[in-house]
Amino acid sequence: MTNSDLEWNILQIATSPISKSELWRKTSSQKQDVFSAIDRLVSTGNLQLTKEGNRHIVRTVDTSSDDITWNGILKFQQDQLQVTVSALQEHKKLFKKTKTKTYHEGQLVYQFRPLNKQITSDLLQFSMQIDYLMQHLIKFQYALSFKIITSQKANSRIDKIRGIISSEINKVMKNHAKDHEGLTQFIQLQTRTWNLNV
């Protein structure tokens with residue numbers, strides 16, 4: 001059983017108050033592994049630990065309000081990104097090829113420029129909304145590394161964010177297949193933390 005699976009199992013068992021020893025007996029894992037997982041879950045605020053005489057009682061902390069808040073934030077960010085994608089879809093063409101050449105990924109290529117200021121603005125808004133989602137992604141990767149939240153919750157949220165980003169980028173790329181070079185150049189000139197292969 002992986003740490004993630006063990007933590008999830010512990011949280012399911014501890015929905016009602018239970019001693020650490022009783023909880024361990026209900027799992028199929030080694031005692032030290034279970035106790036270490038319990039300590040991690042207590043430190044991340046997912047389990048509550050109280051002492052009753054010689055017994056250490058644990059109980060799963062209700063994080064449903066945290067999940068509701070997170071889902072609301074994610075829905076808002078997703079809606080904002082979809083607005084920018086819709087704005088880009090209103091333009092038949094995004095870029096023009098200039099006569100200027102520049103080095104791009106080690107090759108001399110023609111530069112592409114947005115056709116007008118409105119397209120530039122829409123592209124910047126799209127890029128900014130992707131950045132907001134990427135900040136959440138990085139936050140959960142750190143939280144996972146430092147074991148601030150359970151790996152199951154972190155991975156679930158990371159997967160949701162990646163799915164949203166990939167879906168919306170794919171929509172833009174599909175709708176503007178002829179602008180692929182221009183989109184690639186534009187995004188990389190923004191020195192953003194993502195690329196078109198998310």
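These legends describe close-up views of a predicted model. Residues are numbered from 1 along each chain as its sequence is written, and side-chain values use heavy atoms, with hydrogens and water left out. Local features need pLDDT of at least 70 and side-chain atom pairs count only at pLDDT 80 or more, while totals for chains, interfaces and linings use all residues.

**View 1. The protein chain has seven helices and five strands.** Helices (H or I, at least four residues) and strands (E, at least two) are DSSP runs, numbered from the N terminus. The order from the N terminus on is α-β-α-α-β-β-α-β-β-α-α-α. Along the principal axes, the C-alpha atoms fill a box of roughly 80 × 35 × 20 Å.

**View 2. Strand 3 (residues 55-60) pairs with strand 1 (residues 18-19) in the antiparallel sense over two bridges.** Two strands pair if DSSP finds at least two bridges between them. I18 stands opposite V58 of strand 3.

**View 3. Strand 2 (residues 47-52) pairs with strand 3 in the antiparallel sense over six bridges.** K51 has H56 in strand 3 as its bridge partner. Two residues lie between the strands of this hairpin, where G53 takes a positive phi near 65°.

**View 4. Y142 lies in helix 5 (residues 117-145).** Because its relative accessibility is 53%, Y142 counts as exposed (over 50% relative accessible area; buried is under 20%, partly exposed in between; 1.4 Å probe, protein chains only). Across the protein chain, buried residues make up 39% of the 198 residues.
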